[in-house]
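Reader: I would like to go through the terms used for this model one by one, with the value behind each. Please set each value against its cut-off.

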Amino acid sequence: GVARIDNCIPKTTTSDLLAYVNSQLETSLAEVSDNSTPQLSRFANVLAKKNRWDMLLPLEESPEIMSALRSLLARGTILGATIESILGPDAELYELASLISDPGSEPQVLHPDFPYQDTLPPALTCFVSLQDILPSMGPTTFLPRSANAAYHEDLKQRLWDLHSTDGVIATAPNVLSCLKAGDVSLYNPMTLHCGGANRSEVRRCLFYFSFRNPVLDPSTEGASLRPELKERGLTLRSLRKVLEK
C-alpha cells in the first residue's frame with residue numbers, strides 16, 4: 001500500500017519549493033482573510049485543523065512547482081514510470097497541494113483518503129518531503145497492507161471504541177515516514193494513515209499530488225485541486241506535455 005523512493009528531486013529544487021510554499025501560505029491566508037479570494041480556491045479541508053493547512057497550489061505560474069514536477073514525472077523517471085505502469089498515461093490529475101503542519105498541531109485520527117472499493121487502486125498519491133523530517137515534527141504514520149476490506153471495517157468499528165485491543169488494527173505494523181528532503185512516499189490512498197503532532201519548533205511541509213484511476217467515473221469532487229485546474233482535466237499524458245514546453 002505504500003512505497004518509499006529516495007532522492008527523487010535535487011536538494012536545490014526542494015529548497016526553492018519550500019521557500020515558495022512558505023511564501024504562498026502567507027499570500028493565500030491574506031487573500032482569504034481580506035475576502036479577495038474564496039477559501040475553497042486556496043485551501044481544502046484537512047483533519048485536525050489547528051496549525052495545519054492543506055494549501056492548493058498553482059501550476060504554470062510557479063517555476064518552482066514546474067521544476068519539481070519535471071524531476072518527478074518526466075518520461076524516464078522512476079516515479080513517473082511507476083505511476084504510468086499502474087494507472088496508465090490517462091490517469092487524471094486529482095490533487096496538487098501542500099500539507100503544512102506548524103509547531104503545536106495536533107495528531108490526526110487514523111483515516112484513508114478513499115473508502116474501500118474493489119478497484120485497486122482508485123488513485124496514487126505522492127508525498128514529497130521538502131526538508132529532512134524528524135520524529136518530533138509529526139511525520140505521517142502508514143499502516144502497510146491496510147488498503148483492504150478487513151482494515152476499513154475495523155476502522156469503522158473503532159469510531160465507537162478507539163482504544164479497542166480487538167481487530168486487525170490493534171496488532172498492525174506501522175511505519176513512520178521520516179523522509180529526507182527530496183524523498184517520496186507513494187501510496188494507495190485507501191491505505192490507513194495519519195499525520196502526527198508537531199512537537200518540534202519547525203514547520204513541516206510536504207508537496208503532494210495524486211492521480212486518479214481513469215477507469216473510475218470522472219470526478220474531482222473533494223479533490224485538493226484549484227478550481228481552474230479541475231476545469232482543465234489534466235492527465236499524466238497532458239501534464240507531461242505542459243512540463244515539456
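Reader: Which residues does Thr13 touch, not counting residues up to four places away in sequence?

Author: In this predicted model, Thr13 touches Ser67 and Ala68. Contact here means heavy atoms within 4.5 Å. Thr13 itself lies in helix H1. The C-alpha atoms of Thr13 and Met66 are separated by 10 Å, although these residues are 53 apart along the chain.

Reader: Why does Thr13 count as buried?

Author: Buried means under 20% relative accessible area. Thr13 has 9% relative accessibility, so the residue counts as buried.

Reader: What makes Leu17 buried?

Author: The cut-off is again under 20%. Leu17 has a relative accessible area of 0%, and is therefore buried. Leu17 also lies in helix H1. Beyond residues up to four places away in sequence, Leu17 touches Glu64, Ile65, Ala68, Leu130 and Phe207.

Reader: At what angle do the axes of H1 and H2 cross, and how is the crossing of H1 and H2 handed?

Author: The axes of helix H1 (residues 11-33) and H2 cross at roughly 145° and come within 9 Å. H1 passes H2 in a left-handed crossing. On the H1 side the contact is made by Thr13, Asp16, Leu17 and Tyr20, and on the H2 side by Glu64, Ile65, Ser67 and Ala68. These residues divide into four nonpolar, two polar and two charged.

Reader: Which residues make the contact of H2 with H6, and how do they divide by type?

Author: From H2 come Met66, Leu69, Arg70 and Leu73, and from H6 come Leu236, Leu239, Arg240, Val242 and Leu243. They divide into seven nonpolar, no polar and two charged. As for handedness, H2 passes H6 in a left-handed crossing.

Reader: What makes the phi of Asn7 worth a remark?

Author: Most residues other than glycine have a negative phi. Asn7 is not a glycine, yet its phi is positive, near 55°. Asn7 has its place in the loop between strand S1 (2-5) and H1.

Reader: Does Asn7 count as buried or exposed, and why?

Author: Exposed means over 50% relative accessible area. Asn7 has 58% relative accessibility, so Asn7 counts as exposed.

Reader: Why is Asn51 called partly exposed?

Author: The relative accessibility of Asn51 is 27%, so Asn51 counts as partly exposed. Asn51 also has a positive phi, about 60°, without being a glycine. Its place is in the loop between strand S2 (43-44) and strand S3 (52-56).

Reader: How do you know that Asn213 is buried?

Author: The value for Asn213 is a relative accessible area of 8%, and the cut-off is under 20%. Asn213 is therefore buried. The place of Asn213 is in the loop between strand S10 (204-212) and helix H5 (227-232). Asn213 touches Leu87, Thr119, Pro121, Pro122 and Ala123, leaving out residues up to four places away in sequence. Asn213 and Gly88, 125 residues apart in sequence, are 8.2 Å apart in space, C-alpha to C-alpha.

Reader: How do you know that the radius of gyration of the protein chain agrees with a compact globule?

Author: A compact globule of 245 residues would have a radius of gyration near 18 Å, and the protein chain has 17 Å, so the two agree. The C-alpha trace spans about 55 × 40 × 35 Å along its principal axes.

Reader: What share of the residues is buried, and how many helices and strands are there in the protein chain?

Author: Buried residues make up 52% of the 245 residues. The protein chain has six helices and 10 strands. Of the contacts between residues at least 6 apart in sequence, 86% join residues at least 24 apart.

Terms used
Residues numbered from 1 in each chain as written. Predicted model: local features only at pLDDT ≥ 70, side-chain atom pairs only at ≥ 80, totals over all residues. Heavy atoms only, no water. Left-handed = near helix turned anticlockwise from the far one by under 90°. Helix = DSSP H or I, 4+ residues; strand = E, 2+ residues; numbered from the N terminus. Nonpolar A, V, L, I, M, F, W, Y, C, P; charged D, E, K, R; others polar. Rg over C-alpha atoms; globule rule 2.2 N^0.38 Å. Buried < 20%, exposed > 50% of the residue type's maximum accessible area, 1.4 Å probe, protein only. Axes fitted to C-alpha atoms, helices over the stretch in contact; angles between N-to-C directions.
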